[in-house]
Amino acid sequence: MLKRKYLPHYLMVAPFMVLFTVFFLYPIVSGFFYSFHKWNAAQPAVFIGLDNYRTILGSRDFEKAMWNLATYIVITVPLGIGTAFGLAVLVDSFTGRWAAFFRSVFFLPVVLPAFLAATIWRWIYTPNFGLLNMIFGWFGLPSVNFLNDTGVMLYSLIAVDVWVSAGFNMVIILAGLKNIPQELYEAARLDGATRFQQLIHVTIPMMSPVLFFVLTYGLISALQVFDVPWLLTGSSFSNYGGRRGALLFPVMDMMGRGFGGVKFGEAAAYGFLLTIVIMTVTAGMFTIRAWRERK
Amino acid sequence: MKMKTTLTNGVAALALATGIGAASQAGAQELQYWVYSDFAQGDALALQQEFIAEFVKDHPGVSITITGKGDDDLTAGQVAGAASGTLPDIFMNATSVGAQLVSVGALANIHDQWMAMPQEYRDQFDADAIATCQPKPDEMYCIPYTGFGSLLFRNLTVLEKAGIDTSKAPATWDEWFAQMQTIKEAGFYAMPDESLVFNSIAAIYAMNGNPAEWGIDWDTKTTRITPEAMAATLQKFIDIKPLDSGTSRNDQATKDLFITNQLAYHETGPWVDPTYRQAAAESGLKYDFVLVPGLTEGSHGGIKSYEIIGVAPGPNQEIAFQFAAYVAEKNQMLRWAKLLSRYNANAAAMADPEVASLPLISVSVEAVKDAFDTQPPYFVQPVPSCYTSTVIDFASAAADGEMSAEEGAAEMIAELNACLQG
């Protein structure tokens with residue numbers, strides 16, 4: 001009787017569950033299985049225990065990729081959110097056509113295909129006569145090799161990523177700003193709060209759920225960074241990560257091991273290590289949020 | 001009575017239709033043919049479709065669908081297709097990824113089919129190109145198709161403004177380097193930065209070593225690069241660093257510098273020629289292309305490589321091989337060469353008077369004679385990515401003055417051996 005009662009519910013969730021199982025759950029489970037095997041996708045998989053994990057954790061490329069990733073996240077996520085927040089506050093201060101204009105302009109990089117964004121930035125970063133180096137030249141500064149100088153490459157990537165992601169985060173933050181009741185600002189003004197004080201004591205606290213989402217999403221996206229550094233460095237399966245691996249990131253390393261080295265067991269193990277990192281970071285974020293809410 | 005006749009006719013028609021359907025199903029062979037994306041556009045696609053139409057006409061019941069894919073998509077699709085049993089029947093790729101494709105079972109061993117072809121057919125092909133497809137005497141994994149040898153594109157306007165006699169190409173490295181210095185003094189960029197891309201490093205290395213000193217010895221898992229030849233190569237990068245544009249040979253910016261008369265030389269493959277030809281027609285670019293000089297007169301640097309046609313193992317292997325052999329045959333390769341002015345591995349086609357006099361082809365035929373294969377030997381083992389990145393890292397570090405040529409060569413070789421053994 002109970003089963004019959006809930007049958008329509010099961011039927012309604014069934015399409016999602018079938019697709020989820022086939023295209024999401026099964027690849028994850030089979031990936032986990034292959035991560036303990038030596039497998040090149042053609043010959044039968046050979047069980048090798050934790051060897052793939054040991055190989056990855058002991059490799060210099062993994063160390064390099066994780067170090068690059070940590071540095072990238074520490075800078076990109078706060079900088080990206082800060083920029084987006086600033087843009088959102090700026091756009092929020094406009095009304096009518098100007099608001100729509102700025103919102104569209106700042107959102108434009110989000111809709112650009114990654115290859116186009118990378119091509120534009122490769123141009124801007126060109127040594128000697130790229131846009132940036134031309135500007136440097138006007139001020140008598142030497143040309144910078146943004147995409148080959150290992151001391152600069154990571155920051156070149158960060159600039160592109162902030163440019164690309166700021167528009168997306170801005171739209172979300174802007175929606176959050178619009179939902180803050182105006183009475184709160186009126187009350188704050190009556191109490192003599194300056195605009196800065198309103199920002200600190202009204203806007204940011206009221207925006208905390210939105211900022212939490214943007215932060216979590218930004219972190220997860222940053223952990224999976226792949227396309228922009230791949231394109232900026234002109235990477236291929238046989239050679240990726242740019243000079244001295246200065247723009248080598250875990251997903252690139254995983255792809256290279258899989259399709260370049262034909263080591264799919266190793267690539268699967270890499271994916272799981274990355275998944276563990278992402279889940280740990282996400283769980284940490286939710287734990288901190290829950291703890292703060294309890295306080 | 002009438003109803004009975006109608007029923008009989010209906011059953012007969014149904015039986016006939018079913019029979020025809022079954023017969024056509026039994027005889028039908030649908031082949032998937034994957035090519036590089038630039039082979040699936042414009043005139044190149046039209047000619048490929050012409051080849052397909054001709055082949056299908058002679059092989060009733062066969063249909064062939066051509067699909068263009070980018071470099072990495074091609075490889076990823078073939079590797080994934082091998083794993084899932086959905087490989088295309090015939091496909092192109094580069095010799096440099098041959099080992100990956102063999103290791104995943106994407107490439108059929110066509111040795112027996114190849115040997116069954118008439119001697120006259122087999123003799124059409126460049127012997128070195130065929131050898132790249134044959135890692136062992138009884139193994140053959142491809143038919144070599146299009147290819148290239150390094151060319152040195154010269155911007156004649158820049159050279160003339162720098163006071164260089166353009167009637168003669170530089171015959172030796174010393175002569176070329178002296179010209180580069182003159183060009184820089186005249187306020188132009190001499191070259192792109194050759195230390196940034198594996199292939200340009202290989203092209204310069206080819207001046208200093210011999211083919212036995214290049215590539216990987218898979219038996220001992222060591223590099224064949226010698227310290228002497230690599231040190232001489234790195235020294236050249238150090239020497240030309242002040243003269244270069246800072247862009248790599250593959251950058252769009254390099255082509256733009258060349259087109260806008262700011263860059264004198266561009267060492268690369270023939271694929272830039274259509275761009276430069278268009279610039280010549282539209283903006284008056286004056287350029288030509290010559291062989292990459294060697295250390296001594298008559299010797300040359302540069303690299304060569306081939307695109308290949310491979311066949312997937314499986315029930316369609318025989319007909320797929322027949323199609324691959326048809327496409328690579330002299331008449332087709334001659335038409336291909338005429339259309340694109342591009343060198344290919346069919347030596348008989350390249351020797352045909354109709355194309356032998358085309359400048360891009362005649363220089364390319366000469367270029368491949370002395371050029372090194374990019375990453376030999378092919379079809380043995382996948383070259384780990386650390387190999388190419390190590391070569392680039394040390395070459396560019398030496399060029400930037402971070403280490404001497406000798407130190408760079410010694411450290412590079414030690415690192416390459418560690419990469420191959422790790």
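Mentor: The axes of helix α10 (residues 198–208) of chain B and helix α11 (residues 227–240) of chain B come within 9 Å and cross at roughly 120°. It's a predicted model, where local features need pLDDT of at least 70, side-chain atom pairs count only at pLDDT 80 or more, and totals for chains, interfaces and linings use all residues. Residues are numbered from 1 along each chain as its sequence is written, with chains lettered from A and ligands numbered from 1 in the order in which they are written.

Trainee: So how are α10(B) and α11(B) oriented to each other?

Mentor: They're oblique, meaning neither under 35 degrees (roughly parallel), over 145 (roughly antiparallel) nor 65 to 115 (roughly perpendicular).

Trainee: Which residues of α10(B) meet α11(B)?

Mentor: B:I204, B:Y205 and B:N208 do, and on α11(B) they meet B:A229, B:M230, B:A232, B:T233 and B:K236; contact means C-beta atoms, placed from the backbone, within 7 Å.

Trainee: New topic: what's the strand order in the open sheet of chain B?

Mentor: The order is β8-β5-β9, three strands with antiparallel pairing; strands pair if DSSP finds at least two bridges between them. β8 (265–268) and β9 (287–290) of chain B stand at the edges, each with a single partner strand, so each has one side without a neighbour in the sheet.

Trainee: How many bridges link β5 and β9(B)?

Mentor: Four, with β5 covering residues 151–155 of chain B. B:F153 stands opposite B:F289 in β9(B).

Trainee: And where's B:A80?

Mentor: B:A80 is in helix α3 (residues 71–84) of chain B. Its C-alpha atom is separated from that of B:K338 by 35 Å.

Methods
Helix = DSSP H or I, 4+ residues; strand = E, 2+ residues; numbered from the N terminus. Axes fitted to C-alpha atoms, helices over the stretch in contact; angles between N-to-C directions. Contact = placed C-beta atoms within 7 Å.
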